[in-house]
Amino acid sequence: MERAQKMNKRANTRFAMERAQKMNKRANTRFAPTECEAHMPRRIGEKFRVLKAGGGKAFIPFIMAGDPDLESTVRLVPELERAGSHIVELGIPFSDPVADGPTIQRAGARALRHGYAMKDYLKAVERIRRQTGVPLLLFSYYNPIYRYGLEALARDARQAGADGVLVTDITPEEGEEYCACLERNGLDPVFLAAPTSSAERIEKIAACSRGFVYVVSRTGVTGAQQELSGAVRPTVERVRRHTELPVAVGFGISHPDQVRAVWQVCEGAVVGSAIVGAMEKVRDPSRLLPEVGEFCGWLTGKKNSHL
Amino acid sequence: MPAAKAGPFNGPDARGRFSGYGGRFVPETLMGPLEELEKAYRDAVLDPGFHKELDRLFRTYAGRPTPLTPARRFAAHIGKGRIYLKREDLTHTGAHKINNALGQILLARRMGKSRIIAETGAGQHGVATATVAALFGMECEIYMGTEDMRRQALNVFRMRLLGAKVRPVDSGSRTLKDAINEAMRDWVTNVADTHYLLGSVLGAHPYPWMVRDFQAVIGREAREQILAAEGRLPELLVACVGGGSNAIGLFYDFLREPGIRMIGVEAGGRGPALGDHAARFEGGSKGVLQGTLSYVLQDENGQIAGTHSVSAGLDYPAIGPEHAALHDSGRVQYTSVRDEAALEAFRLLSRTEGIIPALESAHAIAELLRRGPELEPDTLVIVNLSGRGDKDVNQVAEILNQDDLKGRSE
């Protein structure tokens with residue numbers, strides 16, 4: 001009896017993976033939205049499609065929502081878009097961020113001091129969405145989401161205008177219900193692929209991801225690095241064997257040369273700690289927006305100077 | 001994937017779940033290393049040579065089997081019961097932590113790792129890890145919260161003496177939880193040559209399963225010893241629960257005996273307000289922390305709450321997933337003991353038995369004191385004396401000043 005249930009479950013998982021693979025293919029080969037997508041625009045996939053058509057690459061900044069406060073976050077995102085960002089990753093802070101280095105830990109701690117609830121972050125997403133159509137990817141850890149309720153979060157995040165979710169401590173193995181909830185609500189689950197991921201794991205990750213696959217540039221936590229890791233190209237190539245989804249690379253990217261190098265191997269570059277670190281250095285709060293805008297311009301090669 | 005070698009009651013299943021609790025909630029970079037560790041452990045479990053070597057180290061290095069000591073004067077103080085102490089305090093390094101450290105370092109060697117990292121709260125696991133790293137000639141770094149370094153200065157010195165680097169962790173509450181975060185970050189960065197020697201039945205699969213198996217030697221020995229001493233099995237087992245490795249180590253071999261009551265004792269700290277204790281079953285709810293789904297102390301937004309206990313080894317906001325399963329099934333009863341009761345028990349056991357218990361173990365002693373009136377004259381009880389209290393005497397001296405001790409002498 002129990003064994004039969006387990007086998008059923010396994011069969012369902014395989015079915016879900018095959019379906020996800022098919023949907024991935026569809027999303028990449030057909031430009032017209034499918035019926036179910038017609039009333040739910042997939043902004044992330046659409047953004048990559050438009051960029052590809054124009055020969056462009058995606059610049060994807062990360063900021064921590066609530067750092068230094070949510071009011072600033074709401075004003076920062078449109079500024080990031082003006083400064084040449086194509087997708088914005090919005091961190092929802094967690095007290096115990098094991099995947100993050102000191103810079104993003106500090107940003108999370110600053111946000112947590114305000115004591116915001118999940119609904120405050122979602123309200124901020126809603127206010128951002130009223131100002132801009134830039135695709136928004138929520139980036140967090142599992143516990144705050146688990147506590148809020150998976151289904152409730154997927155529904156409310158979608159209603160607020162988010163487009164995808166990346167949870168650093170959820171992998172495809174633990175992500176069955178999570179993916180189903182996001183899928184039902186038209187949100188893209190984005191998973192990480194690491195240099196340590198086996199071929200078997202990369203296949204699973206590619207099958208469960210939508211929007212794009214996020215390749216971690218190296219083993220380690222988030223944080224600015226001088227050199228781009230040699231692991232980037234082989235990992236991106238291994239991911240490509242299993243999916244036609246766009247690939248973006250993040251972790252450690254902090255210089256325009258690195259952004260350009262990443263763009264040569266994939267469709268998008270994610271910059272987190274360098275931007276958060278630049279925000280920390282801004283002493284005059286009224287200068288936050290222009291300085292961050294200028295820094296992003298520098299990273300993408302549009303401006304020569306930075307902070 | 002072959003099913004995990006299921007225990008008599010709770011598994012885990014192939015996904016590392018104990019009746020739903022547990023699992024593997026970690027960043028992708030750690031999934032490969034965890035799969036590698038699981039495979040190495042599965043191979044080791046089936047290899048008689050591995051068990052033979054571990055058993056040899058238990059006997060010739062750790063000082064096993066540890067005695068089962070009748071606590072007659074302590075029982076007389078309570079007035080009822082036949083009470084035995086399982087003397088994990090008499091192992092080499094002075095706590096049960098050495099059992100797991102030896103098991104895991106053998107695995108690390110099988111996997112070809114050259115560097116060992118670990119977290120520590122009270123310092124006992126850090127000392128055990130530094131010890132086995134010295135024995136096997138491996139590089140060793142121990143993460144420890146600065147608050148715990150202050151409370152357990154002696155253990156910090158011991159680790160350094162053993163050749164380990166002690167890395168102070170100044171983030172968050174500066175205790176065990178934050179040390180684990182930092183150790184996980186190190187592991188994510190250095191996975192190629194590093195084994196993370198996690199010290200309790202916590203974290204992602206396969207740790208809760210593997211650490212339990214290494215600690216289950218406590219209960220296996222206790223069963224033989226109590227049968228030899230009394231000709232019957234005990235009626236009650238009591239152990240303190242931080243992550244829960246000494247408790248599961250004692251309980252595991254007895255779980256299949258329906259007649260045996262088991263009590264896990266959490267840290268009640270200063271009182272019931274969130275942040276003042278580490279009683280996960282009283283004040284916590286389901287959540288995911290550091291790789292595993294279990295009971296977690298958290299606020300309404302899913303942020304992990306601060307904890308307090310006089311005992312650094314119990315000062316942690318989550319509990320091992322197998323304990324969560326044992327709690328929900330009702331097989332094990334969980335309760336909590338406050339700081340002052342633990343301190344009282346610390347003092348009482350020292351005076352009645354000539355045994356200074358670790359503050360962690362003193363929580364189990366305190367629970368027995370409280371339960372005294374419920375016992376029958378011949379109720380057979382085993383308390384796990386998980387560690388010795390030398391490490392705690394400075395801290396206790398600060399709390400109970402010398403005059404206070406003199407004033408209360410008999």
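User: Which residue forms a salt bridge with A:Glu151?
Analyst: In this predicted model, local features need pLDDT of at least 70 and side-chain atom pairs count only at pLDDT 80 or more, while totals for chains, interfaces and linings use all residues. Residues are numbered from 1 along each chain as its sequence is written, chains are lettered from A in the order in which they are written, and side-chain values use heavy atoms, leaving out hydrogens and water. A salt bridge is a side-chain nitrogen of Lys or Arg within 4 Å of a carboxyl oxygen of Asp or Glu. With the closest N and O atoms 2.5 Å apart, the partner of A:Glu151 is A:Arg184.

User: How many residues apart are A:Glu151 and A:Arg184?
Analyst: Helices are DSSP runs (H or I, at least four residues) and strands are too (E, at least two), numbered from the N terminus. A:Glu151 lies in helix α8 (residues 150-160) of chain A and A:Arg184 in helix α9 (residues 176-184) of chain A, so the pair links distant parts of the chain, at a separation of 33 residues.

User: Is A:Arg184 buried or exposed?
Analyst: Buried means under 20% relative accessible area, exposed over 50%, and partly exposed in between (1.4 Å probe, protein chains only). A:Glu151, at 33%, counts as partly exposed. Because its relative accessibility is 53%, A:Arg184 counts as exposed.

User: The side chain of B:Arg17 meets which residue in a salt bridge, and are the two buried or exposed?
Analyst: The N to O distance is 2.6 Å, and the partner is A:Glu174. The pair crosses between chains, from strand β1 (residues 17-18) of chain B to the loop between β4 (164-167) and α9 of chain A. Since B:Arg17 has 14% relative accessibility and A:Glu174 has 8%, both B:Arg17 and A:Glu174 count as buried.

User: How many salt bridges are counted between chain B and chain A?
Analyst: One that joins the two chains pairs A:Asp96 with B:Lys177, whose closest N and O atoms are 2.8 Å apart. A network of salt bridges also links A:Glu173, A:Arg201, A:Lys204, B:Glu28 and B:Glu35. The count between chain B and chain A is 5 salt bridges.

User: How much area do chain B and chain A bury between them?
Analyst: The contact (heavy atoms within 4.5 Å) takes 35 residues from chain B and 37 residues from chain A. Buried area is the accessible area (1.4 Å probe) that two parts lose on being put together, summed over both. With 49% of it on carbon and sulfur atoms, the buried area is about 2900 Å².
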